[in-house]
Structure formats: C-alpha cells, structure tokens
Amino acid sequence: MHQATHMLATDLDGTLVGDKNSLQDLLTYYKEQTYAVSLIYITGRHFQSALSLMEAEQLPRPDILVTDVGTEIYIGETFEKDREWASRMSTGWVPEQIEAVASRIPGMQKQPLPVTSRCSYYVGNDQQAEEFKRQLDEEGISHKFIYSGGRDVDILPAESGKGQALQYILSKYRLGKTKLLVAGDSGNDRDMLTLGYPSVIVGNAQPELLECPESPLIYRSTKGFAGGIQEAWQHFHS
C-alpha cells in the first residue's frame, strides 16, 4: 500500500456494483493502463455480507476492505482487522443506550446485524429519523447520525464514518501523493466525497447526495454505477 500510485476508494452497492457491463468495462480499462490501481472498498455492508457480494459479482480483491459504514477496517490479503481503528471505535461507544432510545420511537425497526460496532435501523419517514436524532442528542449520547436513502439510519461511534476511515487509511499508509478517486452514491458516502480529494457522485446517486455543494473536486457523472467511476477517472487522471 505504501507504494500505491493510483487508487480507487469506492462504495459497493449502487456505485461499483449495479451494472455488470459497466463494471466489466471499468475493470478492463484499469487493466489496460500502464499503472496498477489499488482498491479500497468502503461499504455499509458487514464483513461477511461484503465478502458474499465480492464473490457473487466476481470483484477483484481489494487491498483494504472497510465495512459497516466505516466502523471496521480489514487489511491485506487475509483481511486482518485493524486493531488500532477498532480500539478507537470502542471509545465512548454505548450501543445499549442507543437501543434504549430507539425502542421508545414507534415504527422504527432494528436492522438484524451480526456486529455491535454500529446500530442501524429502518424508519418509515423523515419525522421518525428527526425524532430519533433529537432524543439521542437530548440524552447526551456520543454518536454520529447518518440518514440515507429515505429509510436507513446508521448510528456510529462519533469519530467514525466512511470519510474518517478513509482519512485514517491515507494517513497510516502515507498515501498523500497517490492519485486517488473516491466514489459513492448515497448519503452515507457524503463525508468521504467531501474530504477534498478527487471524487465522483455517480449518475444514479440518491437525491440526498445531490445536495453536496459544488466543488471542482466533486465530479457529477452523467453515467451511473461503474460507468460513472470510469467517466470521472478519465476526467481527473487520464
């Protein structure tokens, strides 16, 4: 990773994955370049779900896999868990208190996840999400609140998220000079798309992501899914 010259840091569902033809075109395009493109997958899926998707879609194995909306990081060929990041995530994290607040809000449904590094829920409308956030703040619970897709609420450790996880990786491996592209399609990608690196909002993005402020470093592709990644890569790095 320290020697990486070009890197794609991308969400999976709705971004890299979703259109098989454009995905194959992107992978072929990368193989045709004179440089290697290192891969970081940054997904809301939990670890086993991400592995299942990678197998089903025949995705190339990434150098780093970030799961659970940035709360867990797995490194290298064997996907060894990054213990330093895990320690950071456990500081001040109180999932039992978050669940107690959620149980008081009618209509919220807890997502069944095999992890405790985040608390995730389905909500029926914006008002439920807003009331959940209000009560968490009122209780003084340290957290990060992400609402995306009009139904998904992720409660994360305060210092976590896809953007913070990516920034941690770039700093840890001293990748400041690497030619990077960050790609996403929904609200939980926003903090990594606005870090100040070349980024792409793919053409099929969720409405909440379209509210990102204009920036020369945020490319809004006309193509969706992996086609949008390739379009942005050629814009920034060809």
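Is Asp-68 buried or exposed? Asp-68 is buried, with a relative accessible area of 0%. The structure here is a predicted model.

Most residues other than glycine have a negative phi. Some residues here go the other way. Take Asp-68 again. Its phi is near 55°, a positive value in a residue that is not glycine. Asp-68 sits in a loop, with β3 (64-67) on one side and β4 (72-75) on the other. Buried means under 20% relative accessible area. Asp-68 counts as buried because its value is 0%.

Phe-225 also has a positive phi, about 55°, and is not a glycine. Its setting is helix α8, which covers residues 225-237. Phe-225 is partly exposed, with a relative accessible area of 23%. Arg-174 joins the list: this residue follows α6, and its phi is positive, near 50°.

## Helix α6

Helix α6 covers residues 162-172. Which of its residues are buried? They are Lys-162, Gly-163, Ala-165, Leu-166, Tyr-168, Ile-169 and Leu-170. Lys-162 comes up again in the next section.

## A buried aspartate without a salt bridge

Asp-185 lies in the loop that links β10 (179-184) to α7 (190-193). Asp-185 is buried, yet has no salt bridge. Which side chain of opposite charge is nearest to Asp-185? It is Lys-162, 6.3 Å away. A salt bridge needs a side-chain nitrogen of Lys or Arg within 4 Å of a carboxyl oxygen of Asp or Glu.

What does Asp-185 touch, leaving out residues up to four places away in sequence? Its contacts include two other aspartates, Asp-11 and Asp-13. Gly-14 and Thr-15 are also among them.

## The cavity

How many cavities of 30 Å³ or more does the structure hold? It holds one. The largest cavity has a volume of about 40 Å³. Its lining is made up of Leu-8, Leu-16, Leu-26, Leu-27, Tyr-30, Leu-39 and Tyr-41. Two elements, α1 (20-32) and β2 (37-42), each give two or more residues to this lining. Helix α1 gives the most, with three residues.

How values were computed: Residues numbered from 1 in each chain as written. Predicted model: local features only at pLDDT ≥ 70, side-chain atom pairs only at ≥ 80, totals over all residues. Heavy atoms only, no water. Helix = DSSP H or I, 4+ residues; strand = E, 2+ residues; numbered from the N terminus. Buried < 20%, exposed > 50% of the residue type's maximum accessible area, 1.4 Å probe, protein only. 1 Å grid on protein atoms, 1.4 Å probe; cavity = no way out; pocket = protein on both sides within 12 Å on 5 of 7 lines; lining within 4 Å. Points joined across faces, edges and corners; volume = space filled by probe spheres on them. Lys, Arg positive; Asp, Glu negative; His and termini not counted. Contact = heavy atoms within 4.5 Å.
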